[in-house]
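Reader: I have a model open and would like to go through it. Could you take me through what was computed?

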Amino acid sequence: MTMARQNIVLLGAAILVVAAPLILGIEGSYGGADGQAQALIEESGYRPWFSNIWTPPSKEIESLLFALQAAAGAGLLGYVLGRLHGRRRK
């Protein structure tokens with residue numbers, strides 16, 4: 001199989017995987033493990049040792065701050081790895 005044909009087959013498979021649930025009308029719950037863990041912790045009667053100093057006003061702000069933190073971490077990691085790679089080349 002040629003490379004171009006293989007790429008077309010892989011692209012078709014990816015489109016099928018994404019489109020199949022939409023076409024078949026499959027609905028699912030995408031809650032995640034964090035919500036389940038929080039529910040179990042609350043059921044156990046656990047009380048936190050301290051409260052937050054500041055709570056973001058909305059979930060969107062919380063997501064924004066998390067994304068900024070991830071971007072800053074990725075930028076710092078990329079910078080450090082680039083510097084180490086540059087030193088090795090000298």
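**Starting from one residue**

Author: Glu 62 counts as partly exposed, because its relative accessibility is 41%. Buried means under 20% relative accessible area, exposed over 50%, and partly exposed in between (1.4 Å probe, protein chains only). This is a predicted model: local features need pLDDT of at least 70, side-chain atom pairs count only at pLDDT 80 or more, and totals for chains, interfaces and linings use all residues. Residues are numbered from 1 along each chain as its sequence is written, and side-chain values use heavy atoms, with hydrogens and water left out.

Reader: Which side chain does Glu 62 meet in a salt bridge?

Author: That of Lys 59, at 3.9 Å, N to O. A salt bridge here is a side-chain nitrogen of Lys or Arg within 4 Å of a carboxyl oxygen of Asp or Glu. A search of the whole structure finds one.

Reader: Where do Lys 59 and Glu 62 lie?

Author: Both are in helix H3, three residues apart, about one turn of the helix. An α-helix has 3.6 residues a turn, so residues three or four places apart point the same way. Lys 59 counts as exposed because its relative accessibility is 62%.

Reader: How many helices and strands are in the chain?

Author: Three helices and zero strands, in the order α-α-α along the sequence. Helices (H or I, at least four residues) and strands (E, at least two) are DSSP runs, numbered from the N terminus.

Reader: Is the chain spread out or compact?

Author: The chain is more spread out than a compact globule, because its radius of gyration is 23 Å, well over the 12 Å that the globule rule gives for 90 residues. The radius is taken over C-alpha atoms, and the rule is 2.2 Å times the number of residues to the power 0.38. The C-alpha atoms fill a box of roughly 60 × 55 × 25 Å along the principal axes.

Reader: What percentage of the residues count as buried?

Author: 0% of the 90 residues. In helix H2, residues 33–43, the count of buried residues is zero among eleven. Gly 45 follows H2 and has a positive phi, near 90°.

Reader: Changing topic, where is Leu 64 found?

Author: In helix H3, residues 59–89. Leu 64 counts as partly exposed because its relative accessibility is 45%.
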